[in-house]
Amino acid sequence: MIQLLYTVIAAEMALILTLLFKTPLRKLVIMTLDRVKRGRGPVMVKTVGVTLLVVLASSLYSMVKIQQRTVEAGLLNPTDQVLMSKHMLEASLMGFVLFLSLMIDRLHHYIRELRLLRKTMEAAKKQSRGIDEGKNGSAEEVKGLKEEIATLRTKLNKLENEYGTKDKEAKTAEAEAEALKKQSEGLLLEYDRLLADNQSLRSQLESIDLSLSNSDGKKNT
């Protein structure tokens, strides 16, 4: 029993050293522990741990009984002394085994957490790089849009200037058309006046001709 406990302690210490230092065996040990903690592995480990606790409790109980017999007898005989030493050594070794097992479990847990944290950090770094690249692409797109907006503004200013010029020309043409309209109206009025004067002169000439014809007829008579 004691030899087995020493062997287990040596194996556990070797495992702890392997987990503490980054060696080629570390990955293999971690993979083995991962497999042990899957399926029925945890049940078996818990069974072994409970068995050790029961044996430890039995050793402690035997030590207490030996102590009680010593108190009652007032003297520790050689047999009880050997048994007491044996039980004490077994209890110490089993307690050390349980402690080292707990250390191995915690070390394995923290190593796994560290690996997951590293993977998460790498994923976050890749994501941040992608975001930075996206920002650079967006900045280029924004720059292109700004240049396009500037070009459109230039075209808009040019069109506004052209519109202003055309508007001035249209107003000038409208003013000229209005002046021509007024001039044509004046000419029409003048034409009507001249037509009326002409008609009046014709009437006067006809009256004069008629008077002359009448006077000539009287003379001949």
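Q: Which residues lie nearest the centre of the largest pocket, and how many residues line the pocket?
A: The lining has 27 residues, and those nearest the centre are Glu12, Val36, Val45, Val48 and Ser101. This is a predicted model, in which local features need pLDDT of at least 70 and side-chain atom pairs count only at pLDDT 80 or more, while totals for chains, interfaces and linings use all residues. Residues are numbered from 1 along each chain as its sequence is written, and side-chain values use heavy atoms, with hydrogens and water left out.

Q: What makes a space a pocket, and what makes a residue part of its lining?
A: On a 1 Å grid over the protein atoms alone, a pocket is an open set of points where a 1.4 Å probe fits, with protein on both sides within 12 Å along at least five of seven lines; a lining residue has an atom within 4 Å of a point. The largest pocket holds about 880 Å³, the space filled by probe spheres set on points joined across faces, edges and corners.

Q: Which helix gives the most to the lining of the largest pocket?
A: That is α3, with 8 residues. Helices are DSSP runs (H or I, at least four residues), numbered from the N terminus. At least two lining residues come from each of α1 (2–20), α2 (24–36), α3 (41–73) and α4.

Q: How many residues of each class line the second largest pocket?
A: There are 7 charged (Asp, Glu, Lys, Arg), 3 nonpolar (Ala, Val, Leu, Ile, Met, Phe, Trp, Tyr, Cys, Pro) and 1 polar (the others, Gly among them). Arg26, Lys27 and Glu122 are among the lining residues. α4 supplies the most, 6 residues, and the pocket holds about 350 Å³.

Q: Why is His108 classed as buried?
A: Its relative accessibility is 1%. Buried means under 20% relative accessible area (1.4 Å probe, protein chains only), so His108 qualifies. His108 belongs to α4 (residues 78–220).

Q: What is His108 in contact with, apart from its neighbours within four places in sequence?
A: Leu19, Ile30, Leu33, Asp34 and Lys37 are in contact with His108, contact meaning heavy atoms within 4.5 Å.

Q: Which residues of α1 and α2 make the contact where their axes come within 8 Å?
A: The axes, lines fitted to C-alpha atoms over the stretch in contact, cross at roughly 115°, on a scale from 0 to 180 degrees between N-to-C directions. Leu15, Thr18 and Leu19 of α1 meet Leu25, Arg26, Val29, Ile30 and Leu33 of α2. By class, 6 are nonpolar, 1 polar and 1 charged.

Key:
Buried < 20%, exposed > 50% of the residue type's maximum accessible area, 1.4 Å probe, protein only.
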